[in-house]
Number of protein chains: 2
Amino acid sequence: MSELKQEALEQLKAKGIRITPQRLAIYHDLSVKRHHPTADDIYQSLKAEFPAVSTATVYNTLRYFKKEGLIREMGFGELVRFDLAEDEHYHVICETCGKIVDFHYPYLDEVEEFAAQMTGFKVMHHRLEFYGLCEDCHRKEKDRQ
Amino acid sequence: MSELKQEALEQLKAKGIRITPQRLAIYHDLSVKRHHPTADDIYQSLKAEFPAVSTATVYNTLRYFKKEGLIREMGFGELVRFDLAEDEHYHVICETCGKIVDFHYPYLDEVEEFAAQMTGFKVMHHRLEFYGLCEDCHRKEKDRQ
DNA sequence: TTAAATGCAAAGGCTTTGCAGTTGG
DNA sequence: CCAACTGCAAAGCCTTTGCATTTAA
């Protein structure tokens with residue numbers, strides 16, 4: 001087993017996740033690629049190693065990982081994508097080509113706190129995404145005019 | 001026609017939207033109820049007035065309104081919901097019962113600006129939602145323990 | 001008048017479910 | 001050993017599409 005996969009295994013064990021080859025591969029895929037895959041991206045990638053893998057396994061695993069807090073869901077409206085729930089960060093998404101760029105900014109604790117005070121909710125987390133045009137698409141749009 | 005519906009009509013006309021009874025009713029519904037309906041909520045509500053209305057009309061209209069900037073989409077992962085695109089505000093969502101509460105906070109212009117500088121994107125807008133427990137569900141959870 | 005919207009039905013895409021067989025701890 | 005996970009197939013939901021008909025401007 002590769003060193004990285006060994007590492008993924010340790011991380012899953014540490015969280016008390018029951019290990020299966022499929023789960024390990026999914027987690028490893030998410031850890032290494034960091035490309036905000038869709039469920040189908042993961043399914044396609046998994047088929048290389050497990051030709052008989054089923055979509056059910058992918059969806060069940062992703063749901064389970066999410067419940068256990070290992071991954072987060074992102075995506076408003078369009079396809080659901082998944083991201084490792086490690087460091088806090090936000091995403092900037094190009095509305096033309098779909099490119100996604102990670103973007104670090106201090107976690108908005110004060111806004112969460114404010115939300116809690118205004119609404120009486122116990123606020124646990126939030127999701128923030130930015131939308132616009134990436135440099136390439138922005139340039140192309142200007143050239144066209 | 002009710003005064004409110006008349007008002008909805010003026011607003012649609014002002015935006016250059018072609019008026020149909022169905023569109024008027026959908027916009028009116030969104031204006032008056034402010035309950036962040038799903039497409040099906042709107043469809044159900046519309047059937048009272050137009051028994052023969054089709055889901056296609058609802059979906060097409062919502063897509064069109066969204067393209068024209070009259071409404072916004074909300075909802076991460078779960079069901080897509082719609083909200084009038086008037087005043088800027090954010091949402092706090094109860095993860096137990098699904099209750100949604102609007103919450104006003106200054107638009108995060110500086111964060112958008114920062115995102116633009118860090119990523120090179122032309123950032124046009126963002127979406128922010130808070131998740132947690134509403135007062136009721138929070139209380140019930142504490143009682144259970 | 002006519003481009004655009006509607007209703008209907010069918011198709012499509014993504015996700016979940018039931019179940020029998022397999023497996024990790 | 002046995003609860004939990006897997007694969008497979010089927011079902012379920014939400015949403016979109018094609019087409020004939022109607023309608024707003």
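How far does a polar side-chain atom of Thr57(A) lie from a phosphate oxygen of DNA strand D? In this predicted model, the separation between the polar side-chain atom of Thr57(A) and the phosphate oxygen of DNA strand D is 2.6 Å. The elements that contribute two or more residues to the surface near DNA strand D are α2 (21–33) and α4 (55–67) of chain A, together with α4 (55–67) of chain B. Among these, α4(B) gives the most to that surface, with 4 residues.

Around DNA strand D there are 19 residues, of which the closest are Arg18(A), Thr20(A), Ala52(A), Thr57(A) and Tyr59(B). Of the atoms of DNA strand D that come within 4 Å of the protein, 76% are accounted for by sugar and phosphate. When sorted by class, the residues of the surface near DNA strand D comprise 10 nonpolar, 6 polar and 3 charged.

DNA strand C is surrounded by 21 residues, and the closest of them are Tyr59(A), Arg18(B), Arg23(B), Ala52(B) and Thr57(B). Sugar or phosphate supplies 76% of the atoms of DNA strand C within 4 Å of the protein, while the rest belong to bases. At least two residues of the surface near DNA strand C are supplied by each of α4 of chain A, α2 (21–33) of chain B and α4 of chain B, and the largest share, 5 residues, comes from α4(A). The residues of this surface near DNA strand C divide into 10 nonpolar, 7 polar and 4 charged.

The relation between the two protein chains was examined next. Chain B can be laid on chain A with an RMSD of 0.2 Å by a turn of 179° and a shift of 0.1 Å along the axis, and this is the relation of a two-fold axis. In chain B, the C-alpha nearest the axis belongs to Leu128(B), at 2.1 Å from it. Because 100% of the interface residues of chain B are also interface residues in chain A, the copies meet through the same surface.

Over all chains, the structure holds 12 aromatic pairs. In one of these, the ring centres of Phe114(A) and Tyr105(B) are 5.3 Å apart and the ring planes stand at 70°, so the pair is edge-to-face. Since Phe114(A) lies in helix α5 (residues 109–119) of chain A and Tyr105(B) in the loop between β4 (100–103) and α5 (109–119) of chain B, this pair joins two chains. Phe114(A) counts as partly exposed, with a relative accessibility of 32%. A tilted aromatic pair is formed by Tyr64(B) and Phe65(B), with 6.4 Å from centre to centre and 40° between the planes; of the two residues, Tyr64(B) is partly exposed at a relative accessible area of 21%, whereas Phe65(B) is buried at 0%. One aromatic cluster brings together Phe103(A), Tyr105(A), Phe130(A) and Phe114(B).

Two residues of chain A illustrate contacts between parts of the sequence. His28(A) has its place in helix α2 of chain A and, apart from its neighbours within four places in sequence, is in contact with Ser2(A), Leu4(A), Lys5(A) and Ala8(A). Although His28(A) and Ser2(A) are 26 residues apart along the chain, their C-alpha atoms are separated by 10 Å. Thr38(A), in turn, is placed in the loop between α2 and α3 (39–49) of chain A, and this residue counts as buried at 6% relative accessibility. Leaving aside neighbours within four places in sequence, Thr38(A) is in contact with Leu79(A), Val80(A) and Arg81(A).

Notes. Residues are numbered from 1 along each chain as its sequence is written. Chains are lettered from A and ligands numbered from 1 in the order in which they are written. This is a predicted model: local features need pLDDT of at least 70, side-chain atom pairs count only at pLDDT 80 or more; totals for chains, interfaces and linings use all residues. Side-chain values use heavy atoms; hydrogens and water are left out. A residue is near a molecule or strand if one of its heavy atoms lies within 4 Å of it. A polar contact is a pair of N or O atoms within 3.5 Å; within protein, one must be able to donate a hydrogen and the other to accept it, and residues adjacent in sequence count only if both atoms are side-chain atoms. Ala, Val, Leu, Ile, Met, Phe, Trp, Tyr, Cys and Pro count as nonpolar, Asp, Glu, Lys and Arg as charged, and the others, Gly among them, as polar. Copies are superposed by least squares on the C-alpha atoms of residues with pLDDT of at least 70 in both. Contact means heavy atoms within 4.5 Å. Buried means under 20% relative accessible area, exposed over 50%, partly exposed in between (1.4 Å probe, protein chains only). Rings of Phe, Tyr and Trp (its six-membered ring) pair if their centres lie within 6.5 Å; planes under 30 degrees apart count as stacked, over 60 as edge-to-face and the rest as tilted.
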